[in-house]
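Subject: A structure for you to look at

Hi,

Here is the structure I promised to pass on to you. Have a look at it first, and then read my notes below.

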Amino acid sequence: PSPMVRMAALQAIVAAPPELRPSFGMNLLSDPVRAVRAQAALTFVETRDLLPLEAARAYTGAAEEYRESMLATASLPESLTVLAEFEFRMGDNDQAVEYLQHATRLDPRFAAAHHSYGLALVRERRYSEALVELERAYELEPGNARFAYVYAVALNSRGLVDEAVAVLDQARQDFPDDPEIQSFWQMLSQ
């Protein structure tokens, strides 16, 4: 009966193979608690096309409620960044890019928005612009191993191998236990 338990169950369903997810919890798309419906929208975003007709209709409503709840706090770049990720998962890349652009304008020092925006630009094959955003995220939050790794990969993919190795050298010192950084550094150093 607890909404918190229903939300946790929905979060656990994400670990199931995509083709099995609709078998579990799709009734929660019509839950009486809005937060549960929002979590259900997140849980079924990749598998919404596999839902039976009634659940698909409920999904549409739950997804719209999720959007509305995030837009209620759209003055926060964190909300726009999360909403952009949802829109990417829904297949609306243009809307996601728009949210990320707005997030980076709202708070130019919010590294996660720059990182997400950089990845969005990569998806759109706007590589030079993406590199600028990924570098900005890396510079704003040097303590984030993921930002360092992704920036190094972006540098390498643009043919800037020496710059990528320099980023990885620093990242290896800062994050000695990060297997992705260690592996990528070994690959580039050979």
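One term before we start: two residues are in contact when they have heavy atoms within 4.5 Å of each other. With that in hand, 48% of the contacts in the chain with a separation of 6 or more are between residues 24 or more positions apart.

A word on where this comes from. This is a predicted model, in which local features need pLDDT of at least 70 and side-chain atom pairs count only at pLDDT 80 or more, while totals for chains, interfaces and linings use all residues. Residues are numbered from 1 along each chain as its sequence is written, and side-chain values use heavy atoms, with hydrogens and water left out.

How confident is the predictor? The score, pLDDT, is given for each residue and runs from 0 to 100. The chain has a mean of 94, and 100% of its residues reach 70 or more. Confidence is lowest in helix H10 (residues 179-189), with a mean of 89, and highest in helix H7 (residues 127-140), with 97.

The overall picture

The chain holds 10 helices and 0 strands. Both are DSSP runs numbered from the N terminus: helices are H or I with at least four residues, strands are E with at least two. The C-alpha trace spans about 55 × 35 × 30 Å along its principal axes. Of the 190 residues, 43% are buried; that word means under 20% relative accessible area, with exposed meaning over 50% and partly exposed in between (1.4 Å probe, protein chains only).

Helix H3 and Tyr 59

Helix H3 covers residues 53-71, and its 19 residues reach 27 Å from first C-alpha to last, close to the 27 Å expected at 1.5 Å a residue. That expected span is 1.5 Å times one less than the number of residues. Its buried residues are Ala 55, Ala 58, Tyr 59, Ala 62, Ala 63, Tyr 66, Arg 67 and Met 70. They pack against helix H2 (34-43) and helix H4 (77-90). As you look at that list, remember that an α-helix has 3.6 residues a turn, so residues three or four places apart point the same way.

Which residues does Tyr 59 touch? Not counting residues up to four places away in sequence, the partners include Leu 29, Ala 40, Phe 44, Arg 48, Phe 86 and Met 90. Tyr 59 has a relative accessible area of 3%, so it counts as buried. Its C-alpha is separated by 7.1 Å from that of Arg 48, 11 residues apart along the chain.

Helix H6 (residues 111-123) has 13 residues and reaches 19 Å, close to the 18 Å expected. Among its buried residues are His 114, His 115, Tyr 117 and Gly 118. Their cover includes H4, helix H5 (93-106), H7 and helix H8 (145-157).

Phe 110 sits in the loop between H5 and H6. Is Phe 110 buried or exposed? Its relative accessibility is 17%, so Phe 110 counts as buried. Leaving aside neighbours within four places in sequence, Phe 110 is in contact with Pro 77, Glu 78, Thr 81 and Leu 140.

Arg 125 lies in the loop between H6 and H7. Arg 125 has a positive phi of about 65°, although it is not a glycine. Its relative accessibility is 64%, so Arg 125 counts as exposed.

Enjoy exploring!

How values were computed:
pLDDT = per-residue confidence, 0-100.
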